[in-house]
Amino acid sequence: MVNHQTLGGPPAALSPEDLAVLRADLLEQRLFRREQLRQLAAARPSRVGGQRREAAARAEVRAKLAASARMVLADVEAALARMAEGRYGVCHLCRRPLPLEHLRIVPQARYCGGCRRGRDAER
Ligand SMILES: [Zn+2]
């Protein structure tokens, strides 16, 4: 009757201390990305002495930076939401706990190494 997977805190072997450190990383990353997006949005194409092609190239770079910043920001916010719900630190596909050393590098990670390689190969 009792499903042990739904009982008790995070399923991963993460201590409260580990979670606190990872959460601080995520919050810092969120702040950084928000600030980056704010700056990118505030950047105006300068017309002073600029070649139109250069301005277009810079706008393209900004658009790419903003797109990737938004992607990371979404991942970071999703990770914080999972953390708040106690579902943080497991692979979305195979449900295995993500290794702490992996989370320390990419705290917003959704997939374990094996599943991520599988997904990349699909593309
Ligand atoms: Zn997996």
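# A walk from His102 to the zinc site

At 17% relative accessibility, histidine 102 counts as buried, since buried here means under 20% relative accessible area, exposed means over 50%, and partly exposed lies in between, with a 1.4 Å probe and protein chains only. Histidine 102 sits in helix α3. Setting aside residues up to four places away in sequence, histidine 102 touches Ala109, Tyr111 and Arg116, where a contact means heavy atoms within 4.5 Å.

Before going further, a word on the model. It is a predicted one, in which local features need pLDDT of at least 70 and side-chain atom pairs count only at pLDDT 80 or more, while totals for chains, interfaces and linings use all residues. Residues are numbered from 1 along each chain as its sequence is written, and side-chain values use heavy atoms, with hydrogens and water left out.

Now step back to the whole chain. It holds 4 helices and 0 strands, and from the N terminus on its elements run α-α-α-α. Of the 123 residues, 28% count as buried. Among the contacts with a separation of 6 or more, 64% are between residues 24 or more positions apart.

Let us begin with α1. How do the 27 residues of α1 compare with the span they should have at 1.5 Å a residue? The expected span of a helix is 1.5 Å times one less than its number of residues; for α1 this gives 39 Å, and the end C-alpha atoms are 39 Å apart, so the two agree. The buried residues of α1 are Asp18, Leu19, Leu22, Leu26, Arg33, Gln36, Leu37 and Leu40, and they pack against α2 and α3. Take glutamine 36 as one of them: it is found in α1, which covers residues 16–42, and its relative accessibility of 18% is why it counts as buried. Leaving out residues up to four places away in sequence, glutamine 36 touches Leu65 and Ala69.

What about the nonpolar packing? A nonpolar core is a set of buried Ala, Val, Leu, Ile, Met, Phe, Trp, Tyr and Cys residues joined through side-chain atoms within 4.5 Å. The largest such core has 17 residues, and those with the most contacts inside it are Leu26, Tyr88 and Leu103. Both α1 and α2 supply at least two residues each to this core, and the largest share, 5 residues, comes from α2. Apart from it lies another core, of 5 residues, which includes Leu37, Leu40, Ala69 and Leu73.

Next comes the metal. Which residues coordinate the zinc ion? They are Cys91, Cys94, Cys112 and Cys115, each through its SG atom, at 2.2 to 2.3 Å. Donors are N, O and S atoms within 2.8 Å of the metal (3.2 Å for Na, K and Ca), and since water is not among the atoms, sites may look incomplete. Along the chain, the donors follow the spacing C-x2-C-x17-C-x2-C. For comparison, the ideal angle for four tetrahedral donors is 109.5 degrees.

Cysteine 94 is partly exposed, at 27%. The disulfide count comes to 0, taking a disulfide as a pair of cysteine sulfur atoms within 2.5 Å.

Finally, two residues of the loop between α2 and α3 deserve a visit. Leucine 93 lies there and, neighbours within four places in sequence aside, is in contact with Tyr111, Cys115 and Arg119. From leucine 93 to glycine 114 is 21 residues in sequence and 9.9 Å in space, C-alpha to C-alpha. Arginine 95 lies in that loop as well, and its relative accessibility of 53% makes it exposed. Phi of arginine 95 is near 65°, a positive value in a residue other than glycine. Most residues other than glycine have a negative phi.
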